[in-house]
Amino acid sequence: MMKLPALAGAALLLLLTLSVSAFAALVLDAPDRVARGDAFLVLASSPQPVRRFTFSWGGKDYAADAYQENDRWQAVMLLGMPLEEKQASRTLTVSDGAGAASASVAVFDRKRPVQKLTVDKKYVSPPPEVMARIKDDRRKVARALAVYSSFRRWTAPFERPVDGGVSSLYGLRRVFNGQPRGFHKGLDLRSPEGTPVKACADGVVTLADNLYFSGNAVYLDHGLGVVTAYLHMSKILVRPGDSVRRGQTIGLVGATGRVTGPHLHLTLLAQGQSVDILPLLEKVEKR
Ligand SMILES: [Zn+2]
């Protein structure tokens, strides 16, 4: 006589488990298509408690601590579609430890006009004595970009670091003194020398140094693989390891390194990929 209730109990438990697991579906929100060079936000969420989500993108895994909002555990991630992406689509996968969800992201191109510039010839054909320095600069930047924290300090849209309008768009094909030199992997903002440069988001200074091409440069790690870099400044006002707040002055606009005049070159990197920050910047009235 004990067998029937036990069976009924087991059946009820099975039913409950089934309905919970059907309800526990991990949801991944991602855009259907993204242009080469663009950043995009994705959201993973689950009604079940999750400690950490792991996003797989471009053959690498990126962890994001989950946070609870309303009755769901979720994480947002900023990813980039490389300017040089060869494939017509890429797959994004997210795992919550118990299950996984995938999305296919189609790739398309934006127009990338050519921009011709004239700079001091030492920046087009660097003299042999600076080659070691350029190599060392690359190592410093790589070290700064290797920092990864699964805790998000950034919020989108990002604070605009200076008020000036755009003087050169991200992704332009650049020709320096008649020689092609790849894409412009940043956004140039018009601003007079000495203007305070504000941090785009809360973060930690991972690099604050004078580099050959970039001049006085500051790199900020904002967590989840999101990095902003501020180049060509006349003065650096922070040190490596400093925590900075969104809107805090980190340096002054200048014309150091490979430039044609004073401006701020702003770079956004998502998981090591430079991407167009303009669609993610706070809008301001043109001056
Ligand atoms: Zn630039």
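**Entry 1: between the domains**

I counted 1 salt bridge between domain 1 and domain 2; a salt bridge is a side-chain nitrogen of Lys or Arg within 4 Å of a carboxyl oxygen of Asp or Glu. I note that this is a predicted model, where local features need pLDDT of at least 70 and side-chain atom pairs count only at pLDDT 80 or more, while totals for chains, interfaces and linings use all residues. Residues are numbered from 1 along each chain as its sequence is written, and side-chain values use heavy atoms, with hydrogens and water left out.

I looked up the bounds: domain 1 is 24–108 and domain 2 is 114–280, and such bounds come from an automatic or database domain assignment. Their C-alpha centres are 26 Å apart.

I then listed contacts (heavy atoms within 4.5 Å). On the domain 1 side 19 residues take part, against 20 residues of domain 2.

The two domains bury about 1,600 Å² between them, 64% of it on carbon and sulfur atoms. Buried area here is the accessible area (1.4 Å probe) that two parts lose on being put together, summed over both. Tyr62, Leu78 and Leu83 supply 35% of what domain 1 buries against domain 2, more than any other three residues.

**Entry 2: the largest core**

I looked up the largest nonpolar core, which has 55 residues. A nonpolar core is a set of buried Ala, Val, Leu, Ile, Met, Phe, Trp, Tyr and Cys residues joined through side-chain atoms within 4.5 Å. Buried means under 20% relative accessible area, exposed over 50%, and partly exposed in between (1.4 Å probe, protein chains only). Among the residues that touch the most other members are Phe55, Leu78 and Phe158. Strand β7 (residues 72–80) gives the most to this core, with 6 residues; strands (E, at least two residues) and helices (H or I, at least four) are DSSP runs, numbered from the N terminus.

**Entry 3: histidine 222**

Where does histidine 222 sit? I found histidine 222 in the loop between β17 (215–221) and β18 (226–233). Histidine 222 counts as buried because its relative accessibility is 0%. Its side chain reaches the backbone oxygen of aspartate 202 at 2.7 Å. Leaving aside neighbours within four places in sequence, histidine 222 is in contact with residues including Phe151, Trp154, Asp202 and Tyr230.

Methods
A polar contact is a pair of N or O atoms within 3.5 Å; within protein, one must be able to donate a hydrogen and the other to accept it, and residues adjacent in sequence count only if both atoms are side-chain atoms.
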